[in-house]
Amino acid sequence: MSCHSRTIVIIAQSVNEVKDETDLRSRIVPKIGEYFSAKRWGIFFFDQLSLVERSFPKPLQIALSVEYNPVVRYLVERHTPVHESLVTSPKVWAMICPRSDHWHVMAGPIISNGQLIGVVGCTREQSMSAFDTQNIADMSAVCLHLSVWAATVRSQLQQLQSDRLTPRELQIAELVALGLTNAEIGIELWITENSVKQALKRMFRKLEVSSRAEMVAQLWVTKPQLSVRNKQKTAFHNRV
């Protein structure tokens, strides 16, 4: 077994030993960045990213969109690792992403229940070598183990968090996830705005979080889980 193969096995075994997302980010992600000789690296779960993406500057929202970014589009459509030279030319990529530390980009999918729920990504500067087919193969192996982890450990942790809440608190959490204000939640559930506020304080203490975004990120793995509630939200806004 080559040195590179042994390293991938070690990373895979380390992923299987991770207990929570904090552990994943602190122990595993740096190893992935080091292995791929990346300038920058990270792991992103869409349920968390979606909570802050509305605050992104418009140019960044466009740059990360499926319509504009061929790397993102490839991931969404094929659920397989990709680097920029597989989907576009260096000249076009420089226009899409002019950052010098993102001259070369590779990203791999994290899949749970057939859904793309996250991405692990690495970037290199222009002076560094481009990602190649071996990198893609190795990223596939890493993403396989990350996907298994997400489908088991992460979902189990979030189920445990859900079990801490009462049925009424879970109703409130669902409406928070849909972006409703305290006043709107009160109208929906026929309770006062202050009751919603006090309930959220209790929920934050139970889940050991400090914000609505953190709470939602703990309770839901994927955005599609909220698709049914989105119809209810539309009906709610039409009613009020």
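Phe-45 contacts Glu-21, Leu-24, Arg-25, Ile-110, Ile-117, Gly-118, Trp-149, Ala-150 and Arg-154, with neighbours within four places in sequence left aside. Contact here means heavy atoms within 4.5 Å. The model is predicted; local features need pLDDT of at least 70, side-chain atom pairs count only at pLDDT 80 or more, and totals for chains, interfaces and linings use all residues. Residues are numbered from 1 along each chain as its sequence is written, and side-chain values use heavy atoms, without hydrogens or water.

Phe-45 also belongs to the largest nonpolar core, which has 26 residues. A nonpolar core is a set of buried Ala, Val, Leu, Ile, Met, Phe, Trp, Tyr and Cys residues joined through side-chain atoms within 4.5 Å. Leu-24, Ile-32, Phe-36, Phe-45 and Leu-146 touch the most other members. Two or more residues each come from α1 (3-17), α2 (21-35), β1 (40-45), β3, β4 and α8 (133-163). Helix α8 gives the largest share, 7 residues. Another core, of 20 residues, lies apart from this one; Ile-172, Leu-175, Val-176 and Val-209 are among its members.

The protein chain holds 13 helices and 4 strands. These are DSSP runs numbered from the N terminus, with helices (H or I) of at least four residues and strands (E) of at least two. Of the 240 residues, 43% are buried. Buried means under 20% relative accessible area, exposed over 50%, and partly exposed in between (1.4 Å probe, protein chains only). Among contacts between residues at least 6 apart in sequence, 62% join residues at least 24 apart. The accessible surface is about 13200 Å², and 56% of that belongs to carbon and sulfur atoms. Areas come from the Shrake-Rupley method with a 1.4 Å probe; for residues, only the protein chains shown count as cover.

Helix α5 spans residues 70-78, and its buried residues are Pro-70, Val-71, Val-72, Tyr-74 and Leu-75. They pack against β2 (82-83), α6 (84-87), α7 (90-96), β3 and β4 (115-124). Asn-69 caps the N-terminal end of α5, with a side-chain oxygen 2.9 Å from the backbone nitrogen of Val-71. Just after the helix, His-79 adopts a positive phi of about 55 degrees.

Pro-109 sits in strand β3 (residues 104-112). Its relative accessibility is 5%, so Pro-109 counts as buried. Beyond four places in sequence, Pro-109 touches Leu-75, His-79, Thr-80, Pro-81, Leu-116, Gly-118, Cys-143 and Ser-147. The C-alpha atoms of Pro-109 and Val-82 are 9.1 Å apart, across 27 residues of chain.

Asn-135 lies in helix α8. This asparagine is buried, at 10% relative accessible area. Outside four places in sequence, Asn-135 touches Phe-36, Met-106, Arg-124 and Ala-130.

Helices α9 (residues 167-177) and α11 (residues 193-207) have axes that come within 10 Å and cross at roughly 100 degrees. Helix α9 is therefore roughly perpendicular to α11, a class that covers 65 to 115 degrees. The contact involves Glu-169, Ile-172, Ala-173 and Val-176 of α9, and Val-196, Ala-199, Leu-200, Arg-202, Met-203 and Lys-206 of α11.

Ser-37 is partly exposed, at 42% relative accessibility. Trp-190 is exposed, at 79% relative accessible area.

Terms used
Polar contact = N/O pair within 3.5 Å; in protein donor to acceptor, adjacent residues only side chain to side chain. Axes fitted to C-alpha atoms, helices over the stretch in contact; angles between N-to-C directions. Parallel < 35°, antiparallel > 145°, perpendicular 65-115°, else oblique.
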